[in-house]
Amino acid sequence: VQFKGEDMKIIHMADVHLDSPLTSHFDARCAAKIRAGILNLFKKTVAYAVSESVNTIIIAGDLFDGTGVSQATKTEVKNIILKNSSIIFFYVPGNHDEDISTFFDEIPDNLKIFGNKWTYYRLNTRVIVAGITLKNNDMYTSLKLKSEDINIVTLHGQIVKAGIGGTAANRLDIAIDNNAEDNAYKNPDINTKLSADKSADKSANKNTENNIDNNSDNIYLNSLKNSNIDYLALGHVHSFSINELDSRGRYCYCGCLCGRGFDESGKHGFVLLDIDEEKGRIVESFVELPGQNIYDLKADISTCVDNYEIAEAIRKCLDANGCRQDDIVKVTLVGNVNVETQKDPVYLARQFEEEFTYFAVKDDTKYSIDYNSYIHDMTLKGEFIRTVILRNDLDENEKNRIIRCGICALKGEESDI
């Protein structure tokens with residue numbers, strides 16, 4: 001397909017995991033809210049593409065999360081793609097949605113799904129988008145990209161920096177019908193797919209000692225070096241990272257649109273590629289969409305004496321980390337607090353939960369006590385504290401926890417330990 005102008009923009013996104021159960025981290029009600037938010041982030045990403053004149057979106061796997069996807073979600077995704085016919089969606093299936101055709105009763109014309117052979121699409125004069133799902137030696141030996149093109153390759157899997165299937169020099173020795181390939185490359189129609197595939201007798205030449213399982217998620221990075229790749233668009237890892245592939249290209253995990261648990265905290269989004277065809281240059285930038293970022297924070301409340309002061313400390317922690325409406329937040333209270341400090345994690349969470357998609361407070365503080373202040377305390381509390389202090393069979397932490405429990409009992413309150 002021909003896009004107007006010498007510059008073009010491409011979005012690289014991955015690992016959306018639509019309709020993920022999420023029940024290992026959240027209750028059913030909260031999980032449903034987060035699932036809806038993730039679907040909305042996908043829709044927002046496409047809306048961003050329209051507003052920024054992006055004409056191509058690469059989805060590097062795991063758009064869906066397994067087979068338990070609702071019909072409503074499938075219909076919504078199909079409509080989002082169909083209603084944005086000016087955008088071409090390239091999709092390489094991931095390990096959670098290997099047969100993506102099962103998610104659509106009919107594949108939209110502007111959704112191009114990569115299969116188990118290299119398929120190449122030419123955009124404009126020089127830009128090539130290539131992808132494959134099969135991960136074995138043939139994947140590395142059959143990749144054919146021209147040095148004069150701007151080559152974007154998309155894969156889903158875990159990178160391994162060791163090589164497999166021979167060196168780049170060995171790969172160049174494999175005979176392929178270059179004349180047929182040249183003729184195919186000259187066709188700018190996006191529906192013309194270019195497949196570079198070795199014949200059965202040529203595949204026998206591969207190094208059998210280095211064969212890997214076809215179902216492996218490993219991507220052997222060294223075997224993709226010096227293959228004329230300018231940008232390797234990867235999916236599978238849920239955090240953003242970009243590094244040099246070789247002297248020419250870079251490889252990038254765009255991360256996911258939204259984390260699915262507190263082990264995936266921080267900022268998430270997608271990568272925007274700004275391509276200058278005349279100069280043969282790709283400029284990458286990470287784009288964060290507002291809403292439903294996951295934050296796993298720690299608030300030091302060592303100087304706080306009651307819930308009011310703790311709430312202020314939590315607010316400062318939220319502001320310092322840039323937490324926004326609809327984010328998913330867990331705040332862990334830390335520090336050494338006095339045994340008489342008043343704190344109620346349930347009450348504290350209630351003050352903030354309406355601002356966020358999910359908000360929780362966890363108490364991980366330790367107790368400290370100024371023993372000297374109770375030496376002359378003639379009350380029952382003072383006598384109790386002095387009795388515990390004199391115990392030689394307890395360490396300091398055990399003494400402080402026992403004293404905390406005793407103080408709560410003397411007040412007629414339930415212990416928080």
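View 1. Leu 22 is buried, with a relative accessible area of 5% (buried means under 20%, exposed over 50% and partly exposed in between, using a 1.4 Å probe and protein chains only). Its place is the loop between β1 and α1, and its phi is near 65°, a positive value in a residue other than glycine. Asp 15 is found in the loop between β1 (7–13) and α1, where helices (H or I, at least four residues) and strands (E, at least two) are DSSP runs numbered from the N terminus. Asp 15 has a positive phi near 55° and counts as buried at 1% relative accessibility. Please keep in mind that this is a predicted model, in which local features need pLDDT of at least 70, side-chain atom pairs count only at pLDDT 80 or more, and totals for chains, interfaces and linings use all residues. Residues are numbered from 1 along each chain as its sequence is written, and side-chain values use heavy atoms, with hydrogens and water left out.

**View 2. Helix α1 beside helix α2.** The axes of α1 (residues 28–51) and α2 (residues 71–82) come within 11 Å and cross at roughly 5°; the axes are lines fitted to C-alpha atoms over the stretch in contact, with angles from 0 to 180 degrees between N-to-C directions. That makes α1 roughly parallel to α2 (under 35 degrees; over 145 is roughly antiparallel, 65 to 115 roughly perpendicular and the rest oblique). On the α1 side, Leu 39, Phe 42, Lys 43 and Val 46 meet Thr 73, Glu 76, Val 77 and Ile 80 of α2, contact being heavy atoms within 4.5 Å.

View 3. Rings of Phe, Tyr and Trp (its six-membered ring) pair if their centres lie within 6.5 Å; planes under 30 degrees apart are stacked, over 60 edge-to-face and the rest tilted. By this rule there are 11 aromatic pairs. Phe 240 and Phe 286 form a tilted one, 4.9 Å centre to centre with 40° between the planes. Phe 240 lies in the loop between β10 (231–235) and β11 (241–244) and Phe 286 in strand β14 (residues 281–288), so the pair ties together parts 46 residues apart in sequence. Phe 240 is partly exposed at 38%, and Phe 286 is partly exposed at 30%. Phe 356 and Phe 359 are stacked, at 5.5 Å and 25°; Phe 356 is buried at 6% and Phe 359 is buried at 7%.
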